[in-house]
Amino acid sequence: MGALPVFRWRYAPDGYATRRQLRAQGLRPGGQEVAAQLERPRRRRGPLVAYLYRVDLAKPVRPMTPARRAALAKANAARRLCPSCGRDAGYVIPTSLGTCVPCAYPDPNGPEGSTR
């Protein structure tokens, strides 16, 4: 594959789209290679780069099947389960903590609450 065509930010020709733009149209890259790239210059760092795919080669998004929906629900439920106390935290547990907030920062006054 040769060098990719490079376009300036907001100046890509019609027929190219980013992954997010394809997804908004109900499409996916479908195994095609990156067709071009956008570059947005920055002052003190390298340029921001966005990869573009050809819209005419994109394929429709695969439909959500009941099995995929169940697998996704199971994966999301596992992200809410605290490994320390085993309870459903009610939110996705931050990877920076690794446990639910009460387990990561236990109340020094015990379960009775504050002394005020």
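Let's start with R10, which is found in the loop between strand 1 and strand 2 (16-17). Helices (H or I, at least four residues) and strands (E, at least two) are DSSP runs, numbered from the N terminus. This is a predicted model, where local features need pLDDT of at least 70, side-chain atom pairs count only at pLDDT 80 or more, and totals for chains, interfaces and linings use all residues. Residues are numbered from 1 along each chain as its sequence is written, and side-chain values use heavy atoms, with hydrogens and water left out.

Back to R10. Its phi is positive, about 70 degrees, although R10 is not a glycine. For context, most residues other than glycine have a negative phi. Is R10 buried or exposed? Exposed, with a relative accessible area of 74%. The classes are these: buried means under 20% relative accessible area, exposed over 50%, partly exposed in between, with a 1.4 Å probe and protein chains only.

R10 also belongs to a surface patch. R10, R40, R42 and R45 form a positive one. Patches are made of residues with over 30% relative accessible area and no salt bridge; like charges are joined within 9 Å, and nonpolar side chains (Val, Leu, Ile, Met, Phe, Trp, Tyr) within 5 Å. Lys and Arg count as positive, Asp and Glu as negative, while His and the chain ends are not counted. A charge is placed at NZ of Lys, CZ of Arg, CG of Asp or CD of Glu. Where is R42? In the loop between strand 4 (36-40) and strand 5 (48-54). R42 is partly exposed, at 32% relative accessible area.

Next, the nonpolar patch. Y91, V101 and Y105 form this one on the surface, with about 300 Å² of accessible area together. Areas come from the Shrake-Rupley method with a 1.4 Å probe; for residues, only the protein chains shown count as cover. V101 sits in helix 3 (residues 101-104). V101 is partly exposed, at 38% relative accessibility.

Now the cysteines. How many disulfides does a search of the whole structure find? The count is 0. A disulfide here is a pair of cysteine sulfur atoms within 2.5 Å. C100 is buried, with a relative accessible area of 4%, whereas C103 is partly exposed at 29%.

On to salt bridges. Side chains of opposite charge can pair when their charged atoms come close. The definition is a side-chain nitrogen of Lys or Arg within 4 Å of a carboxyl oxygen of Asp or Glu. Searching the whole structure gives 2 salt bridges. One joins D56 and R54, at 2.7 Å, N to O. D56 is exposed, at 56% relative accessibility. R54 is partly exposed, at 33%. R80 pairs with D88, and their closest N and O atoms are 3.2 Å apart. R80 is partly exposed, at 30%.

Last, two distances along the chain. R79 is in helix 2 (residues 66-80) and is partly exposed at 48% relative accessibility. The C-alpha atoms of R79 and V92 are separated by 5.4 Å, with the two residues 13 apart along the chain. A3 lies in the segment before strand 1 (6-8). A3 is exposed, at 79%. The C-alpha atoms of A3 and T65 are separated by 39 Å, and these residues are 62 apart along the chain.
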